[in-house]
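Biologist: I would like to learn how to read side-chain contacts in a model. Could you take me through them one kind at a time?

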Amino acid sequence: MADVDRAAASNIRDEMFSLSKAASAGLGPRLGRFKLPHRNHIDTPHYLGVTSRGVIPHLTPDSLSAHTSISGVYVGLEDFIERPSPPLYQYRPPPHTHDPSPLRAFTALPHSVLCVLGARRTPPVAAPAANSNTDETVSVCTAVGFKSLQAEEYAPAVEKLGADIVVGLGDIPYGRKLGSKRVEKGTDRMINWMTEHVALRRETEKEATAGLEGKQARFFAPLLPVSCANQRFYVETLTDELKGSVDGLAIYDTLTLEDMPAQLAPLPRLAFTNPTTPHDVLHQVALGFDFLTIPFITAATDAGIALDFSFPAPAHLDANTASQASQSVSPKPLGTDMWSPSHSTSLTPLAEGCTCYACTNHHSAYIQHLLVAKEMLGWVLLQIHNHHILDRFFDGIRESISTGTFEQERERFARVYDRNLPEKTGQGPRVRGYQFKSEGPGEPKKNTPNFKPYEDEKTLNDGREVLADSALPRADANAAEMERTGFAERAD
């Protein structure tokens, strides 16, 4: 590791991003600081909270402010544009608002939290073959199905919404491999889209934007999920024609970092690579990503799993240390399944030593009870806890990079912890169906009903008669008569 030449980082507009430590050559973890006016600075590497409809699932804005340390979020425009004239585009914050960003006010995002806006949510729903991208459009998944987002409409729309960072429109073929012809086509499209977007920004750069104090969002250019050599003409456009107009990079495949040109190295790197475990996160930090979007946090919360891992890993759980002491140590789970009945009488916190709001105010038995009772508060507390675990995880990552022990601690983490998160056993909260691909006609409902009359098909007809009698008791009926008539049963 070696200190980075600060002169290279000073080319970034207004010293938005500065590197303090990075690999002297090639791939490697790096330390940096990202700061914008009126926002809390963010030490990198770090993560962005993944939103649904502009908010982190299960967390209201006041809970996010009071009980988490989430410093930035990513918002997908496709969450808001199901109508021909989206309400988000028409919304105007109340007069004299402290931070008059339409997007921030519309989603009630706290003032200090960084807001990053792109076309598609993460992870995105892969578009059907019939809804492929074109030279003028990108296929997006809205609440009412797939539609085409016009490239010429995207840039003006996102520039007016007042996000802190805007990710340019990318021809990213999610879920499909890229052949040479498809790469060439995508390169041509993104050259045109980025050039037009930057031209729009240059025209309005010196003009005061109403309600936004004349401040433009920072602009991150997307890269195709291939090596830089395979998209050479597009990369040359970013380093030549658009030099000085690109503030960061949005990267969709780790392959892109392997041959990144030196001119782009000082720019902050935002990963849309969707790591599925903490091990994947460490691998991507080792390659040099600065910001990561991590969907498995909310996936674990939805599954009723309380994450439980730390970096560096506890030394006493290291298999190497155990072998020296003639002991056998099994890999430690990355989380705890809170649906298990074994937690019903446990007065311990979700994770030993955790200082989050959930662990310092409630115990495992209470949270297990909330899940079984399908109370929303159970997932709220789990979401607070799981984001706290990731905050501490990245604190440890940055500390180890600073001390030069990252690679050793990464190897020990791999020895101590399981490779995968625990399997889901509970039903979870209601599925956000618009974020899942339809399987076609006749598919079952994604959310099963909590109650139904009878499970036994043999007594279904008789059950309907009993239910009809018990559903509307007489006004003067007493408890004994109602018990004799019968009640509908709750389905487990």
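This is a predicted model: local features need pLDDT of at least 70, side-chain atom pairs count only at pLDDT 80 or more; totals for chains, interfaces and linings use all residues.

Biologist: Where should I begin with charged side chains, and how many salt bridges does a search of the whole structure find?

Modeller: The general idea is that side chains of opposite charge can pair when their charged atoms come close. In this structure the search finds 17 salt bridges. One of them joins R30 to D290, with 2.7 Å between the closest N and O atoms. That pair links distant parts of the chain, since R30 sits in the loop between β1 and β2 while D290 sits in the loop between α8 and β13, 260 residues apart. Both R30 and D290 are buried.

Biologist: Which side chain meets R39 in a salt bridge?

Modeller: R39 meets D164, at 3.0 Å from N to O. R39 lies in the loop between β2 and β3 and D164 in the loop between α5 and β9, so the pair ties together parts that are 125 residues apart in sequence. As for burial, where the cut-off is under 20% relative accessible area, R39 counts as buried at 12% and D164 counts as buried at 9%.

Biologist: With which residue does R104 form a salt bridge?

Modeller: R104 also pairs with D164, the closest N and O atoms being 2.7 Å apart. Here the link runs from helix α4, which holds R104, to the loop between α5 and β9, which holds D164, across 60 residues. R104 is buried, as is D164. Elsewhere, a network of salt bridges links E78, D79, R120 and R121.

Biologist: Turning to the rings, how many aromatic pairs does the search find?

Modeller: It finds 17 aromatic pairs in the whole structure. For F17 and F34 the ring centres are 6.5 Å apart and the planes stand at 45 degrees, so this pair is tilted. The pair brings together strand β1, with F17, and strand β2, with F34, 17 residues apart. F17 is buried, with a relative accessible area of 0%, and F34 counts as buried at 1%.

Biologist: What is the geometry of the pair formed by F309 and F413?

Modeller: F309 and F413 are edge-to-face, with 6.3 Å from centre to centre and 90 degrees between the planes. Because F309 lies in the loop between β14 and α10 and F413 in helix α14, the pair ties together parts 104 residues apart in sequence. F309 counts as buried at 4% relative accessibility, and F413 counts as buried at 0%. Ring pairs also link these two into a cluster whose members include Y47, F311 and Y417.

How values were computed:
Residues are numbered from 1 along each chain as its sequence is written. Side-chain values use heavy atoms; hydrogens and water are left out. A salt bridge is a side-chain nitrogen of Lys or Arg within 4 Å of a carboxyl oxygen of Asp or Glu. Helices (H or I, at least four residues) and strands (E, at least two) are DSSP runs, numbered from the N terminus. Buried means under 20% relative accessible area, exposed over 50%, partly exposed in between (1.4 Å probe, protein chains only). Rings of Phe, Tyr and Trp (its six-membered ring) pair if their centres lie within 6.5 Å; planes under 30 degrees apart count as stacked, over 60 as edge-to-face and the rest as tilted.
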